[in-house]
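Here is a short briefing on one protein model.

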Amino acid sequence: MDYQYIKEIETKVGSPFYIMHPDVYEENVKAFATAFRKRYEKLIIGYSFKTNYVPALCLKAKQLGCYAEVVSDMEMDLALSLGFEKIIFNGPIKRDEALRRAISAGAIINIDAEYEVDFICQYRQEHPGQEIKAGLRLNVLLTDENGNSVVQNGLRFGRFGFPHDILSRNIQKLREAGIKIISVHGHTSSSDRAVINYQVISDYMLRVCEEFELNDIEYFDIGGGYFGAAPEGLDLTGRPKYEDYANIVVDSVEKNEWFKKRKPYIVIEPGSSVVSNVFKYYTKVYQIKHIGDKNFAMVDGTVFDVKPTMHSNNLPHVVISDTEGGEEEVYDVVGSTCMEKDVILKDVPLKRLKAGDYIEIGGVGAYTICLTPTFINYLAPIVSIEKEDVKLVRRRQQLDDILTIYER
Ligand SMILES: Cc1ncc(COP(=O)(O)O)c(C=O)c1O
């Protein structure tokens, strides 16, 4: 992106703004699908709405044949309003109304807890003529022989899905109510996103399917949580690729007799691994301040737009300027809210900056736009660029958008 191009966009939509690249998303999704289909044809991709639910992006997912993977009433409403006919309904809290809608939409419902089993059994009693199907989310342990767990945040026990000791009674309840168990779900967020975790997950899912003779399973859903296409500028050495995950899962399932006989769909639910590098963020420098031994570059963007979780890694970045730039200096690029911790880049060497330069931040597609509150600033616009097709897929927020849910 050259300076003139970015300046032109800024003139139209203001700064800061995001650029979305749907063609990059398409490449990622197709590459992930190919990695599996080379080895096993029956694959379903459920795009994880929570990771980034920009409607224009979700529509691209639909166009590519993805299912909508949703985890709340809000995400379900969105999927239905975008015309998704294929929906996977996950998540720990499924309100009665959302469950009813999921059943009538024919969604694959992966039950996370016993209250849902009770609801669905009750529902079935009230609708005796209707065929009801459900899936079970399993609680998977990712603990190695030394007792170290890689479940997100190093937890020994994650809280999602059914632990093994209550599976039997819940499977029995569903069977007695005449509900077909058609999906088994093993999503387990890990802190290392390691390939080996997917062998542990698949093997455990297979064990449960065999042990409880889950012979109606149509969907073998290993969830999300992969590494994937990373933004340019990030060192990918040693990072797993889509193929690595596909190979370990197919290696695990293809030698299993239960799996070979049933041949269910393998379902993956990628989020970050397909969307991180689809979005970039552009923010304008207003002022350079030298305070003590620090150089602060004050910009109109905010850390809340690029890493709302405020992790300490500097995202890939490029300075876009109309001048060559001089010597390098070390900067903290600081955001436009009134918080000291609004630091977009920390201690980064950059060619000398001046007011009017832009800074591009890469890899901002996952858990950013969907996690940004209206805090101090209006939400930034999103411009979609796909070859010659340039369009605004989110305008800048206005006061009315904010006030509409409030009463005076
Ligand atoms: C059930 C489920 N599926 C898929 C995902 C997507 O994960 P990621 O964005 O890490 O790929 C998540 C994220 O937590 C999840 O909870």
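Sorted by class, the shell around the ligand holds 10 polar, five charged and two nonpolar residues. Keep in mind that this is a predicted model.

**Around the ligand**
- The ligand has 17 residues around it, and those that come nearest are G225, E269, G271, S272 and Y367.
- Y367 places a polar side-chain atom 2.6 Å from an oxygen atom of the ligand.
- The protein covers 89% of the 400 Å² of accessible area that the ligand has on its own.
- The side chain of T51 has an N or O atom 3.3 Å from an oxygen atom of the ligand.
- For the side chain of H187, the distance from an N or O atom to a ligand oxygen atom is 3.4 Å.

**Helix α9**
- Helix α9 covers residues 242-254, which makes 13 residues.
- At 1.5 Å a residue it should span 18 Å, and its end C-alpha atoms are 18 Å apart, so the two values agree.
- Buried residues in α9 are Y242, Y245, A246, I248, V249, V250, S252 and V253.
- Their cover includes the helices α2 (22-37), α8 (195-211), α10 (257-262) and α11 (272-275).
- The strands β8 (219-223) and β9 (265-268) are also part of that cover.

**K255, in the loop**
- K255 sits in the loop between α9 and α10.
- Is K255 buried or exposed? Its relative accessible area is 61%, which is over 50%, so K255 is exposed.
- The K255 side chain reaches the backbone oxygen of D251 at 3.2 Å.
- K255 and E218 are 37 residues apart along the chain, and their C-alpha atoms are separated by 18 Å.

Methods
Residues are numbered from 1 along each chain as its sequence is written. This is a predicted model: local features need pLDDT of at least 70, side-chain atom pairs count only at pLDDT 80 or more; totals for chains, interfaces and linings use all residues. Side-chain values use heavy atoms; hydrogens and water are left out. A residue is near a molecule or strand if one of its heavy atoms lies within 4 Å of it. A polar contact is a pair of N or O atoms within 3.5 Å; within protein, one must be able to donate a hydrogen and the other to accept it, and residues adjacent in sequence count only if both atoms are side-chain atoms. Accessible areas come from the Shrake-Rupley method with a 1.4 Å probe; for residues, only the protein chains shown count as cover. Ala, Val, Leu, Ile, Met, Phe, Trp, Tyr, Cys and Pro count as nonpolar, Asp, Glu, Lys and Arg as charged, and the others, Gly among them, as polar. Helices (H or I, at least four residues) and strands (E, at least two) are DSSP runs, numbered from the N terminus. The expected span of a helix is 1.5 Å times one less than its number of residues. Buried means under 20% relative accessible area, exposed over 50%, partly exposed in between (1.4 Å probe, protein chains only). Contact means heavy atoms within 4.5 Å.
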